[in-house]
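Subject: Structure for you to look at

Hello,

I am handing over the structure we spoke about. Please open it first; my notes follow below.

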Amino acid sequence: MDLGHAIIGAFGLVLSGDPDLTEIIGLSLSVTLSAVIAACVIGLPLGAAVGAFRFPGRTVCAVILNAFMGLPPVVVGLVVYLMLSASGPLGVLGLLYTPTAMVIAQTILVTPIVAALTRQVVEDLNAEYAEQFASLGVSPLARAGALLWDGRYSLLTVALAGFGRAIAEVGAVIIVGGNINHVTRVMTTTIALETSKGNLELALALGVVLLTIALIVNAMVMAVRALAARAAYA
Amino acid sequence: MSAPGPAPRRATAPGGSVIPLAAPLMEASGLTYSVRGRRLVDDARLVIREGRRTVILGPNGAGKSLVLRLMHGLITPTAGRVDWRGAPLDKAARRAQAMVFQRPVLLRRSVRANLAFALAVRGVARAARRPAIATALERARLTHLQSQPARVLSGGEQQRLALARALMTGPELLFLDEPTASLDPASTLAIETLIEEASAAGVTVVLVTHDRGQAERLADDVVFLQSGRVAEHGPASRLLSAPASEPLRAWLSGRLYVEAEKSSRIDI
Amino acid sequence: MIRRHFMALAAAGALALGLAGTAVTAQAEDFIVVQSTTSTQNSGLFDHILPIFTEKTGIEVRVVAVGTGQAIKNAANGDGDVLFVHAKPAEEKFVADGDGVERFDVMYNDFVIVGPPADPAGVAGSSDVVDALGKIAEAEAPFASRGDDSGTHKAELALWKEAGVDVSSASGGWYRETGSGMGATLNTGTAMGAYIMTDRATWISFGNKGDYQIAVEGDPKMFNQYGIMLVNPEKHPNVKADLGQTFVDWVISPEGQEAIAAYKVDGQALFFPNAQAD
């Protein structure tokens with residue numbers, strides 16, 4: 001059992017067009033992308049607010065955001081489980097053991113990453129733009145919007161960091177999703193399951209597939225960034 | 001907001017010479033700005049006459065840029081006051097001002113979008129922006145570059161764009177902080193031409209420079225700063241040919257003025 | 001405080017996700033959630049019997065496979081319709097606490113102790129588990145324990161107690177608790193040359209045996225009984241009582257029992273049905 005075998009195995013898996021594998025990859029991508037989109041919807045304005053506005057407690061906010069980048073997935077999974085559990089406060093929604101629960105857990109994991117990195121991007125950009133914006137009389141809201149828009153290519157990398165965290169995450173989604181076959185089974189939980197069954201080669205092959213997906217997504221985003229850099233937009 | 005573009009505001013006598021109006025457009029008095037106990041701007045008094053071109057001169061570190069920022073309201077003075085048409089500088093007054101910085105701060109967008117941004121900030125409707133942008137592009141001779149990313153333009157083109165953007169909102173007063181400091185002679189001339197055009201259209205100009213030739217070409221009035229203080233303030237014709245203060249004399253003859261004691265201050 | 005923060009975030013997230021969520025949850029209404037153990041899932045038993053049940057009834061069965069301890073806690077929170085585990089005393093307490101309706105025996109398999117071919121404690125071939133554990137303790141041969149409050153872990157602790165060995169004092173020494181599932185413990189234990197107690201079903205279908213062999217087997221004390229019960233709908237109103245009861249009834253019916261008996265890996269039956277027919 002070595003990496004070479006795993007890579008060949010991975011190709012075999014993908015080429016076989018196994019419907020189960022396709023389903024698992026599809027769910028992984030849809031859960032992760034949903035979580036990244038939700039995290040951006042929350043995290044971009046949050047990061048922009050902390051990065052561009054002066055208010056008391058701003059430094060504390062920045063420190064908290066940075067610290068929350070390291071949220072332990074299992075703890076997040078547990079907290080989300082306790083909330084969504086039938087005996088938890090949000091139990092009536094019936095979301096436990098659904099992909100939505102996984103999206104919520106991953107959103108909580110990814111939002112601080114998006115917010116903290118956005119804060120950094122926006123703060124750096126704001127240092128450059130602040131006087132010009134003040135001179136033009138840009139309102140605070142418009143300023144945050146303009147900083148986000150002008151940082152768009154850097155923020156693409158921010159979203160990518162969130163994507164990387166979410167797609168590779170297993171601790172939270174296995175607790176709130178339950179790794180139910182054909183319902184909440186994603187790449188990472190499948191790898192965990194196959195490892196626990198002792199099917200290490202299959203697990204490794206799945207890992208290679210996961211890595212390849214991550215590589216493709218990264219390459220696409222980097223290509224967009226390279227184009228932007230040529231236009232001095234990045 | 002009415003259609004943008006500098007509106008003529010200059011009171012002109014039949015002969016074409018400017019008649020000073022009763023109240024100056026801007027007046028700063030007792031202007032002081034301290035950082036950690038150091039008075040970087042010290043009890044400065046400036047009078048900006050409407051329709052004229054005031055050039056602020058002085059050696060490095062004299063506080064020229066700070067004075068500009070204090071008068072534009074970008075920073076708050078430690079002491080003193082800045083008046084606009086006889087009343088304290090407020091938000092509405094600041095909207096009648098614009099500023100161009102030494103290094104143009106351009107958005108990571110196209111040339112057009114940079115101009116459109118200034119209008120959007122003032123709430124100009126999308127449809128009304130188009131003709132104003134076309135005029136501005138033409139005036140700054142940037143029409144052929146309008147779709148280019150602003151930040152790939154040459155230094156001279158970028159500064160022309162920054163100046164065009166500053167004029168987009170039809171300011172009554174334009175501050176310029178060493179706008180040609182890093183430009184070649186041809187680009188400098190292009191900027192100076194744009195400044196003169198704006199001035200001819202009635203915009204009051206306040207320009208910081210340490211280029212004596214530029215001062216001679218552009219200045220109606222001169223303010224000479226030394227160590228945060230106004231060493232001399234008056235018509236360019238008199239100050240540049242017959243300076244009364246020792247610091248200005250030293251500066252004009254290319255000597256480094258070493259301050260013995262802060263005594264040689266002459267106000268107009 | 002932290003939790004409230006999370007809740008606010010999650011609530012915001014849930015709102016933002018309204019669309020995304022509905023898009024990814026293709027909800028089939030006729031499904032139940034079964035809280036069960038890794039041994040039943042990893043052995044492949046569910047993959048064998050569940051399609052038969054679903055085809056007959058149209059009810060989809062969603063299995064959450066965790067350690068018995070966690071499965072019981074999840075079910076006690078109402079997060080599941082049926083509990084299907086192997087730790088009889090804990091199951092009886094679950095029912096006594098009012099979390100379950102009625103417990104039924106389903107099947108059994110047995111535990112075995114697997115060990116390295118070198119057999120440092122000299123227990124290979126033994127069928128007396130208490131004696132074998134005593135020898136392992138005496139030789140201080142490495143022993144990998146689940147250490148996760150699972151059914152297997154509980155059974156193992158009971159056997160150590162019977163052998164008069166206080167493993168807690170040896171923890172971290174020759175006695176190593178992985179705190180993981182059966183498969184993970186097998187992966188870890190075989191890598192460190194330790195003896196491991198595992199259920200036979202997991203062992204037979206385990207794919208990473210290396211040169212390990214069964215050292216101790218056949219002791220009636222290593223009998224591993226599985227039970228099934230409906231989570232109490234009176235205590236947890238969200239429980240799908242009808243669908244869950246249908247599943248419980250089917251598992252202990254002759255048809256369900258036959259399906260269990262028919263599941264073989266490498267020609268070996270892994271579970272032996274023993275439901276008491278009414």
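Which domains does the domain assignment of chain C give? Domain 1 is made of residues 29-109 + 225-273, and domain 2 of residues 110-222. Please keep in mind that this is a predicted model.

The domains of chain C

The C-alpha centres of domain 1 and domain 2 of chain C are 26 Å apart. Contact between them involves 16 residues of domain 1 and 16 residues of domain 2. About 1200 Å² is buried between these two domains of chain C, and carbon and sulfur atoms give 56% of that area. On the side of domain 1, the residues that lose the most area to domain 2 are C:His86, C:Asn109 and C:Leu270, which together make up 34% of what that side buries.

How many salt bridges are counted between domain 1 and domain 2 of chain C? The count is 1. As for salt bridges in the model, C:Lys73 forms one with C:Asp149, with 3.9 Å between the closest N and O atoms. The rule for polar contacts finds 2 residue pairs across the interface of domain 1 and domain 2 of chain C, both at pLDDT 80 or more. Helix 3 (38-42) and helix 5 (68-76) of chain C are the elements that give two or more residues to the side of domain 1 touching domain 2.

Helix 2 of chain A

Helix 2 of chain A covers residues 19-52, which is 34 residues. From first C-alpha to last, this helix reaches 48 Å, close to the expected 50 Å. Helix 2 of chain A also has a kink of about 30°, centred on A:Cys40.

Regards

Definitions and conventions
Residues are numbered from 1 along each chain as its sequence is written. Chains are lettered from A and ligands numbered from 1 in the order in which they are written. This is a predicted model: local features need pLDDT of at least 70, side-chain atom pairs count only at pLDDT 80 or more; totals for chains, interfaces and linings use all residues. Side-chain values use heavy atoms; hydrogens and water are left out. Helices (H or I, at least four residues) and strands (E, at least two) are DSSP runs, numbered from the N terminus. The expected span of a helix is 1.5 Å times one less than its number of residues. The bend at a residue is the angle between axes fitted to the seven residues ending there and the seven starting there. Domain bounds come from an automatic or database domain assignment. Contact means heavy atoms within 4.5 Å. Buried area is the accessible area (1.4 Å probe) that two parts lose on being put together, summed over both. A salt bridge is a side-chain nitrogen of Lys or Arg within 4 Å of a carboxyl oxygen of Asp or Glu. A polar contact is a pair of N or O atoms within 3.5 Å; within protein, one must be able to donate a hydrogen and the other to accept it, and residues adjacent in sequence count only if both atoms are side-chain atoms.
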